[in-house]
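This briefing is meant to be read alongside the sequence and the coordinates.

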Amino acid sequence: MDVTDVTPARQRPVGLAELARIPLRRWRTVLAATGLVLLLVAAYLLVFPATYTATTAVVVRPVVTDPFSVPSGGADRAVNMTAESGIATSNGVIDKVASITGRDTTAVADALTVETPVGGQVMRFSYSGHSETEAVDGANGAAEAYLELRKGMYENQRAAVLKSYDDTIALVTSQRTTTQRSLPANQNSSTPSPRTSALLDQLRALNDQLATLAEQRSKIGSADLSPGSVTSAARAPVPSSRDAAPLILVAGLLGGLLVGGLVAFVRESMDRRVRTADEVSALVGAPLLGTVGRDRSGRLSDTDLRYLVLALSRWVDGPKPLPLVLLSSAADERREQVTAGIAAALAQGGHEVRLGVAPESRDRIRPLLQEAQRRHPATEPTRPRVPRPRPAPSAVPTPAPTPAAAPMGSPEDTMIIQPVRKPRPFPTDDPKNGGVYRSTTNAADKTEVIPRVLPRQTPTVDGEELRIGSGAVQLVPLDAPTGGGVTVIDAPPALHDERGVRAAREGRAVLVAARDKTRTGRLGQLVERLRAVGVEPVGFVVTGEKRD
């Protein structure tokens, strides 16, 4: 079994310029994505209510005996800010704010934000409301509720501690009273008894304990329970979400362009179309005959069409030229424009072109040919001019010529008999009757009879004919028999219509591919079907904007 090595087509490198062309080529996708993002941003700014955010700053103070003393170890060590943040977002604070603003507790919990910076004793209460008044009341109410809650907690703790000290002092006082009653009424101070000495020592210890408890209780009673103070209360005006509307629109525009570019790249990777002639050559396996672009007026370039006709001259010029069949995979690949342009260019060069078109394409090709006819009106073939010498004057009068009787017969057989007045070295045409005077070598006057040269009759046509330049384009049906001259056939989209493929089996198949429109899958399928029926394309034409 023979094994044939198939070398895969070399992948074309993609540069930055090609990457930049993708969003430009799919500008509609980018524009649609940008418009959608801007529409969402506008809906957010117009439909959703504005949000006003107010902030209140609170300085948290630790509980100290001396309010003028500075605690050591840092502010975050003196006050546990994590615990204070939990107190600030507790249910007590949220309930108080809900009663002030009139909103439910869930909405208040979502709208209230507490910030506790590390290493500091400043808490910031931020509240987002639907109006400035609600935002200000919510932020200030949260700060006040936190301070009240914190102060109440410290007061409760101090009351519990003082009660404990009072109970202990009462117990020690009761013990001291019992000890005092146990002392003898008349005791010798110089030599007290051992029992008396023990009672006295116990009494002194109880007095010292009472003094210590009283001192500790006084410290607890003098502790500063102020939880802190509001250093910056919220007040109008407050910032809202509408203040950054221009910036949001600019961000939406940039985000839309970014999203549109990503969508364009995704669509480009999923939708494979012909981008360069090299891709078409790899699929078709035939040479490039020409690239036809557009001029400034939007029509196909006449220069490109003339060069394309030169490339096709190897099959056009000859004793018996074969029909040229232009095929395409879809109807939007400018095949009809290329066909009409080739036919018009051939007619300008003096060819008699038979253009075979389908009935559904005739109304679209006829205006193209009429446009070419307006730009290149019909002209007669030029004949070389022969200089006509001026006759020498003659002194002898010449008798008037006597016309001979015309013989019986058809007008085509009529012979004009004219006398030769004088030998002339060059022939001249008679403008009256189309005859030709021819000089003779004899000096005597002789009459020479020359048959009239009639113009060539136009052959009978079976379709509409348009004169373009020095040639003509004759519109004939698609299945018309091949006649004289050059035959060009505009085949319908050959992927699903076999009429053009039948004609291509008897002629030369030329594929037409449009840059950025022809799908590579359809083009490959068309080439496979052509080769399956024995048609090998002789080349291809690429339409669209030219690129470097």
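Val47 counts as exposed, because its relative accessibility is 64%, against a cut-off of over 50% for that class. The model in which this value was computed is a predicted one. Val47 is located in the loop that runs between α2 (27-46) and β1 (52-60).

**Surface patch around Val47**

- Val47 belongs to a nonpolar patch on the surface, together with Tyr44, Leu46 and Phe48.
- The accessible area of these residues together is about 470 Å².

**The chain as a whole**

- The chain holds 15 helices and 16 strands.
- Of its 548 residues, 35% are buried.
- Among contacts with a separation of 6 or more, 78% are made by residues 24 or more positions apart.

**Strand β13 and its partners**

- Strand β13 (residues 471-477) is mostly covered, with 6 of its 7 residues buried.
- Strand β7 (residues 352-357) runs parallel to β13 and is joined to it by 6 bridges. In this pairing, Gly356 stands opposite Val476 of β13.
- Strand β12 (residues 464-468) runs antiparallel to β13, and 5 bridges join the two. Here Ile468 is placed opposite Gly471 of β13.
- β12 and β13 form a hairpin with 2 residues between the strands. Within this hairpin, Gly469 adopts a positive phi near 65°.

**Salt bridge between Arg275 and Asp516**

- The search of the whole structure finds 21 salt bridges. One of the pairs consists of Arg275 and Asp516, whose closest N and O atoms are 2.9 Å apart.
- This pair links distant parts of the chain, 241 residues apart. Arg275 lies in the loop between α9 (245-270) and α10 (277-284), and Asp516 in the loop between β15 (508-514) and α15 (520-532).
- Arg275 has a relative accessible area of 2% and is therefore buried, the cut-off for that class being under 20%.
- Asp516, with a relative accessible area of 23%, is partly exposed.

- Arg299 forms a salt bridge with Glu371, in which the closest N and O atoms are 3.8 Å apart.
- Arg299 sits in the loop between β5 (288-292) and α11 (302-316), whereas Glu371 is part of helix α13 (residues 359-375), so the pair ties together parts that are 72 residues apart in sequence.
- Both partners are partly exposed: Arg299 has a relative accessibility of 32%, and Glu371 has a relative accessible area of 23%.
- Arg299 and Glu371 also belong to a network of salt bridges that includes Asp302, Arg374 and Arg375.

**Salt bridge between Arg499 and Asp497**

- A salt bridge joins the side chains of Arg499 and Asp497, with an N to O distance of 2.8 Å.
- Arg499 counts as partly exposed at 30% relative accessibility, whereas Asp497 counts as buried at 17%.
- In general terms, side chains of opposite charge can pair when their charged atoms come close.

Note on methods: Residues are numbered from 1 along each chain as its sequence is written. This is a predicted model: local features need pLDDT of at least 70, side-chain atom pairs count only at pLDDT 80 or more; totals for chains, interfaces and linings use all residues. Side-chain values use heavy atoms; hydrogens and water are left out. A salt bridge is a side-chain nitrogen of Lys or Arg within 4 Å of a carboxyl oxygen of Asp or Glu. Helices (H or I, at least four residues) and strands (E, at least two) are DSSP runs, numbered from the N terminus. Buried means under 20% relative accessible area, exposed over 50%, partly exposed in between (1.4 Å probe, protein chains only). Patches are made of residues with over 30% relative accessible area and no salt bridge: like charges are joined within 9 Å, nonpolar side chains (Val, Leu, Ile, Met, Phe, Trp, Tyr) within 5 Å. Accessible areas come from the Shrake-Rupley method with a 1.4 Å probe; for residues, only the protein chains shown count as cover. Contact means heavy atoms within 4.5 Å. Two strands pair if DSSP finds at least two bridges between them.
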